Amino acid sequence: MSRCFGLILLLACLIPAPGVGSVPAVPNADDPALEARLSHLAEDLRCVVCQNESLAESRASLALDLREEIREMMRTGMSDDAVVASLVARYGDFVLYRPPVKPLTYVLWGGPPAFLLLGIALALATLHRRRTLRTPSDVSPEALREAAQLLRSDDSNHPGSPIASGVASRPSHQEER
Amino acid sequence: MMAELGQFAIALALALALVQGSVPLVGAHRGDRRLMALARPLAQAQFVLLVFAFAALAWSFLTHDFSVRNVAQNSFSQLPAMYRFTATWGSHEGSLLLWTVILAGWSAAVSVFARQLPEEMVARVLGVMGLVSVGFLALLLLTSSPFERLFPIPADGRDLNPLLQDLGMVSHPPLLYMGYVGFSVAFAFAVAALLSGRLDAAWARWSRPWTTTAWTFLTLGVGLGSWWAYRELGWGGWWFWDPTENASLMPWLAGTALIHALAATEKRGVLGNWTVLLAIATFSLSLLGTFLVRSGVLSSVHAFATDPTRGLFILVFLGLVIGGSLTLYALRAPRMMGGGSFAWFSRESLLLANNVFLVAALGAVLLGTLYPLFLDALGLGKISVGPPYFNAVFVPLVAPVLFLVGVGPLARWKQADLPDLIWRLKWAFAVALVTAALLPLTLDGVNLQATLGLFLALWILFTVLKGFAVRLQHHRGSRIRQLARLPRAFWGMQFAHAGLALLVIGVTLVSNYETERDVRMPIGSHLDLAGYRFVFQGVEEVPGPNYLAGRGTMEVTGPWGRSFTLYPEKRNYNASGMIMTQAAVNYGPFRDVYVSLGDPLGDGAWTVRVYHKPFVAWLWAGTLFLALGGGLAAADRRYRVTVRRRSAPAPATDPLRSAAGEGAA
Amino acid sequence: MRRWAPLLVFVALGVFLYFGLYLNPKEVPSPLVGRPAPDFTLPVVGRPGETFSPAEVRGEVWLLNIWAPWCSVCLEEHKHLPRMVGDRVPVYGLTWKDLDREAAPMLARNGSPYVAAVDDRDGRIAIRFGVTVTPETFVIDRDGMIRMKHVGAITPAVWQTKFEPLLKELGA
């Protein structure tokens, strides 16, 4: 709640808590099942006045009222989805911390997997070029592995040389990435 | 008078920065040693001037000089001395000043400790840092002067934001800025490398200790920020996916990718182009973080003033620095592929995989943080992107990295043997998996999240131990001496990876097994939670230095009869009238007990929230391990050995003083 | 081309950030615009026994101003509101969570800018209007539809640019 207070008092007129003592206390465990449902739901809802706090965490006066409103809706038998829908009807998608998947948010939800795929593609391309780097066609993979084995024996803990193996430092004429 | 002197010092520093940002670069371009030699004394003089300016501001705060606007707005006659001092960076202007002081500090450190680098390199690095400094000093002077006078002089100040009056906030901003700004060194090295066309292993070796040191500070800074949120925001959350937090997480992720990419570039001369791009990106994200927090484009917990002029200034500066360096990258990045070949399964390829996942995770955080802004800017409405989104996309991208932590350090460079590695790690894998599957069953039944987290943590811990075993198996002599002889870089890596495991354990257990109760408590009533009994003894009024507190007394008896008393407070700050919840925490290695006061209900009864947070301390212990690992790695001997070898012509002043070693101490 | 990609990404980002600078993160558009105003019947502040319901002003263009006695900006707005509105449209007030019953004496003392101010003591009606901060003002048309929501105090400039054109369009 402190976060809310900070925001509220700094911005000229948001909702200061009505005098201490007048905020209704959270009715605890009158109905534990309903309360659990509420707090689960409220995790994913934004406390609209705090700008960046969930409805579950916030003790801003409006958040308390909204929780009470949700309780009331739940008591009348509304489903979680219906409760959320009625909040969205008043406050817009802004109230949802988990943005719904719809055309406007395709990029948001599709972005992370796309980044990963792009990254994997680029990495595979690099790997492919690195594997085939300076591999003359007449040298067999076995011979290369042997050579690698030899190089490997001294490539760790080699404080002096910046590049582990001398062979490796010669630039190749292949374009990177 | 002090304020005017401070202002003058900033102006003078700007003049020096202008010279530092131009003359040495020209010198390096023409090969003129006299011009290049200006870089070091300029950087040092700038540092002295800015430290003076900072001291002048601190002095104004400590002596209650309310004629300075900054002091009047962020201090108060009753504010304790410690917070008066930290209030120096509690405001926008003050934190920018701190930023420039730290930037000058890093430049001065480069000028002192990088004695053995080629002169052109030093001139270019300091020149680039001078240019960055020009931008920030101009921002400070033109839009946000910390020394502006106020007339008429107010009788008293408006007090520091109570949220910032906390131990966590004392050291969080300086450490965070040490990290943010420290990446400017890596950035300057990258730009210098592009300018000189030398993007090789030597470049990577020079910039590596600086990068690791900056990363270490950033790790501590982010960790402390989290600790502050935990203590101060009143409900024991430790990460909110708030834009401000994301702004610090993004450079951290990029920096983590960077220190791993640098390893491949240093050891094998490969991935040079990618590494240099990451170095640019890491500092760019630090600047972006500053922009996001300072410009107010994103609504955030930390209510900073919104001011388009400042924001515009930072954005233009951002455009010049980032746009300029990326243009340079596009023009100058080598077209040749440096370094040797490596197989599809090798240390290099695993480091590459690490980078793919880390950068994808970074992209996800960036996308989620800026998406509301994108939609808003396009006029497509307002949405919120909060913790449910970030948890959903971040965890799947980071879990593979954690798994790779177990594999990478054991794989050989160039070509590793996968079947052999699988064979060697089979027990680590099996034991970690079985333990992680069974442990949640003993607690509250099947819990896949907990199993995944525990598996990854145990897997990392076992493979870290395996790493030691592999290192020791070919050596003779006493184990202790062998361990002591292992390079510090190795120790650093092991510590950091183990720290990651501790962090994952903390996060997993506290997220899945935390319990809380939100109750009304009349005086003398009790509550049982997680084996603890809480007895509420009421609330009494206790005056603080600059607030009046309602202090609750909660007697707590633990499962083994150990008892302690917690004093959660509800504070009303005198100057601002802000009401703050000050939670009371009993810290422990395996659980924290956390109590925060709600509201009075009459007759001495209050609403109270009580939390039992298992293993939450591991989160911060893990952070400390990460930082310790970073410090050890940066202090590795080989950075000094190279230094000594390179310094053959000019006798080194003090070859044992490694820059990074000093910085990380 | 590939090495220009990072620059292009950054430039695109920069353009968004530039526009972002001129947006107000606190201003959230209301999904209620274009929808019927929520219905209610509430007692009128300072006139015991009297109630008000939007149905009574059906057929008229009217303003609903959500305020609270503890909100200093609202009180400031009260001073200027009558001068700006004149008698073009009736202004009704929704008094939000007047728990200490200060509203009636306050309006009597300072002069009320409202035709009537209703008492939303538990704040439930305000929530139906999607209140976030006070003051908020809704423009409601002859069919009882919400046509606009303004967050924050109405300044003469806001009145001229946002309210006047809309009221003209609505024929008020």
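**Reading strands, sheets and helices**

Author: Start with one pair of residues. B:Gly602 faces B:Ala605, which belongs to E10(B). This is a predicted model, in which local features need pLDDT of at least 70, side-chain atom pairs count only at pLDDT 80 or more, and totals for chains, interfaces and linings use all residues. Residues are numbered from 1 along each chain as its sequence is written, while chains are lettered from A and ligands numbered from 1 in the order in which they are written.

Reader: How many bridges join strand E9 of chain B to strand E10?

Author: Labels come before counts. Strands (E, at least two residues) and helices (H or I, at least four) are DSSP runs, numbered from the N terminus. Two strands pair if DSSP finds at least two bridges between them. Here nine bridges join E9 (residues 591-602) to E10 (residues 605-614) of chain B, and the two run antiparallel.

Reader: In what order do the strands of that sheet stand?

Author: The order is E1-E10-E9-E8 in chain B; this is an open sheet of four strands with antiparallel pairing. E1 (515-521) and E8 (584-586) of chain B are at the edges with a single partner strand each, so one side of each lacks a neighbour in the sheet. On average, neighbouring strands of this sheet are turned by 20 degrees against each other, direction ignored. For angles, axes are lines fitted to C-alpha atoms, for helices over the stretch in contact; angles run from 0 to 180 degrees between N-to-C directions.

Reader: Which strands of chain B form a hairpin with five residues between them?

Author: E6(B) and E7(B) do, and B:Gly577 in the turn has a positive phi of about 75 degrees. E6 (residues 569-573) and E7 of chain B are antiparallel, joined by four bridges. Across the pair, B:Arg571 is opposite B:Met580 in E7(B).

Reader: Are the residues on the two faces of strand E7 of chain B buried or exposed?

Author: In a regular strand, side chains alternate between the two faces of the sheet. A residue is buried if 20 or more other C-beta atoms lie within 10 Å of its own, exposed if 12 or fewer, and partly exposed in between, with C-beta atoms placed from the backbone. In strand E7 (residues 579-582) of chain B, B:Ile579 and B:Thr581 on one side are buried, and so are B:Met580 and B:Gln582 on the other.

Reader: What should the span of helix H1 of chain B be?

Author: The expected span is 1.5 Å times one less than the number of residues. H1 (residues 2-20) of chain B has 19 residues, so it should span 27 Å; its end C-alpha atoms are 26 Å apart, which agrees.

Reader: Which residues of H1(B) are buried?

Author: An α-helix has 3.6 residues a turn, so residues three or four places apart point the same way. The buried residues of H1(B) include B:Ala3, B:Gly6, B:Ile10, B:Ala13 and B:Ala17. Their cover includes H2 (23-30), H4 (39-62) and H8 (119-143) of chain B.

Reader: How many helices and strands does chain B have?

Author: Chain B has 22 helices and 10 strands. Of its 665 residues, 61% count as buried. The C-alpha trace of chain B spans about 80 × 75 × 55 Å along its principal axes.

Reader: What pattern does chain A follow along the sequence?

Author: Chain A reads α-α-α-α-α-α. It has six helices and zero strands. Buried residues are 38% of the 177 in chain A.

How values were computed. Two residues are in contact if their C-beta atoms, placed from the backbone, lie within 7 Å.
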